[in-house]
Amino acid sequence: MKQALVDDTEDVSLDFGNEEELAFRKAKIRHPLATFFHLFFRVSAIVTYMCCDWFSRSFVGCFVTVLLLLSLDFWSVKNVTGRLMVGLRWWNQIDEDGKSHWVFEARKVSPNAIVATEAEARIFWLGLIICPVIWIVFFFSTLFSLKLKWLALVIAGISLQAANLYGYILCKMGGESDLSKVTASFLSQTVFQTVCPGDFQKPGLEEIHQH
Amino acid sequence: MAEAEESPGDPGTASPRPLMRDLKAVGKKFMHVLYPRRSNTLLRDWDLWGPLILCVTLALMLQRGSADSEKDGGPQFAEVFVVVWFGAVTITVNSKLLGGNISFFQSLCVLGYCILPLTVAMLICRLVLLAEPGPINFMVRLFVVTVMFAWSVVASTAFLADSQPPNRKALAIYPVFLFYFVISWMILTFTP
């Protein structure tokens, strides 16, 4: 009995130590707080912009609130949720000689790294793409209804959201500067996943089986 | 985009950026504007949060309060925003066209942060306007605004002048002068 226990010690200790990690890897959404805040600020900004006429008659209050939400959203998406949910980050660096260059990085997937889940990645990209589109719709509706005092806010919204979208797309493309190649590979990957969903297991689970 | 960053090494870690670091960086830059020295902080670690905060503060203070909800200071608020950001962008484009080697966002950062003295002037003016109106009131405000205007121009010149080619310095600096002059004018002519 003791012998069996000793023989199995490796597996047993591994399971005990990694129980939390196992649950973490199996979870569909590993960073619920980050996911929530990724969507919360963006959606609140849009909702506040649309509904401000009902809550308060103050243009200034609405302007400042929406701007605040947009700023919080920009900071959190750029610095927190991008890194946690999809492992991408981007920034601007100024050299010693004063030259500025933009750096875009993607986390390399090593066997021991905890990779992003599909659900998180999907939520991240959907949130990142849909909101700037909505702000562009607002831009045209503001322009054509001639409510020009809101234009400043809408333009600020578009700039902030589009900046994050652009930054993360460049991160995702990585070394690939050819957009057509990237689009083609993305589309083919999506088609394969739809046709043969069973072939694509979560890498995390695969590793544990191999141990 | 809103801030520059020094990478903490291995992309594999990719941990979230701490908020306190950003807040401290903004505070440090405010200090650098108030006591302008030959330092590179505003240029190297640029960020646009400071200019945004200053712009919103200035716009809020430049509002004319009114009982009529139709004219609730909306246009003036958006006006200040447009003047500040459009003005800063124009100056930056101008300096780049003149051959300056400063990046777009660095220039916006410096111009935005150097609005701090004028924001302080606005605050003082609002306090002074609580007293009884009259020529003395106006002289005090004129003096304060003039001093802060000079401070803003000197601070921004200290940071921006080095990046311009030597024979074009005046051409690059005079729009800065105009920019802060317009803002000072808005502050001086403000009546609640």
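Analyst: A salt bridge is a side-chain nitrogen of Lys or Arg within 4 Å of a carboxyl oxygen of Asp or Glu. The model is a predicted one, in which local features need pLDDT of at least 70, side-chain atom pairs count only at pLDDT 80 or more, and totals for chains, interfaces and linings use all residues. Residues are numbered from 1 along each chain as its sequence is written, chains are lettered from A and ligands numbered from 1 in the order in which they are written, and side-chain values use heavy atoms, with hydrogens and water left out.

User: How many salt bridges does the structure hold over all chains? With which residue does Arg89(A) form one?

Analyst: Over all chains there are 4 salt bridges. Arg89(A) pairs with Glu105(A), and their closest N and O atoms are 2.9 Å apart. Helices (H or I, at least four residues) and strands (E, at least two) are DSSP runs, numbered from the N terminus. Arg89(A) belongs to strand β1 (residues 88-94) of chain A and Glu105(A) to strand β2 (residues 100-106) of chain A, so this pair ties together parts 16 residues apart in sequence.

User: Is Arg89(A) buried or exposed?

Analyst: Buried means under 20% relative accessible area, exposed over 50%, and partly exposed in between (1.4 Å probe, protein chains only). Arg89(A) is buried because its relative accessible area is 2%. Glu105(A), with 18%, is likewise buried.

User: Which helices does the salt bridge of Arg42(A) tie together?

Analyst: Arg42(A) forms a salt bridge with Asp73(A), with 2.8 Å between the closest N and O atoms. Helix α3 (residues 32-55) of chain A holds Arg42(A) and helix α4 (residues 59-86) of chain A holds Asp73(A), so parts 31 residues apart in sequence are tied together. Both Arg42(A) and Asp73(A) are buried.

User: Where do the partners Asp47(B) and Lys29(B) lie?

Analyst: The closest N and O atoms of this salt bridge are 3.0 Å apart. Asp47(B) is in the loop between α2 (41-44) and α3 (49-61) of chain B, while Lys29(B) is in helix α1 (residues 19-34) of chain B; the two are 18 residues apart. Asp47(B) is buried at 3% relative accessible area, and Lys29(B) is buried at 1%.

User: Why is helix α5 of chain B described as largely enclosed?

Analyst: In helix α5 (residues 104-113) of chain B, 9 of the 10 residues are buried, so the rest of the structure largely encloses this helix. Among the buried residues are Phe105(B), Leu108(B), Cys109(B) and Tyr113(B).

User: Which residues form the nonpolar patch on the surface?

Analyst: Patches are made of residues with over 30% relative accessible area and no salt bridge; like charges are joined within 9 Å, and nonpolar side chains (Val, Leu, Ile, Met, Phe, Trp, Tyr) within 5 Å. Leu171(B), Tyr174(B), Phe177(B), Leu178(B), Phe181(B), Val182(B) and Trp185(B) make up this one, and together they have about 720 Å² of accessible area. One of them, Tyr174(B), lies in helix α8 (residues 169-188) of chain B and is partly exposed at 49%.

User: What is the value of phi near in Leu146(A)?

Analyst: Most residues other than glycine have a negative phi. In Leu146(A), phi is positive, near 60°. Leu146(A) sits in the loop between α5 (118-144) and α6 (151-173) of chain A and is exposed, at 61% relative accessibility.

Methods. Areas by Shrake-Rupley, 256 points an atom, 1.4 Å probe, with all protein chains shown as cover.
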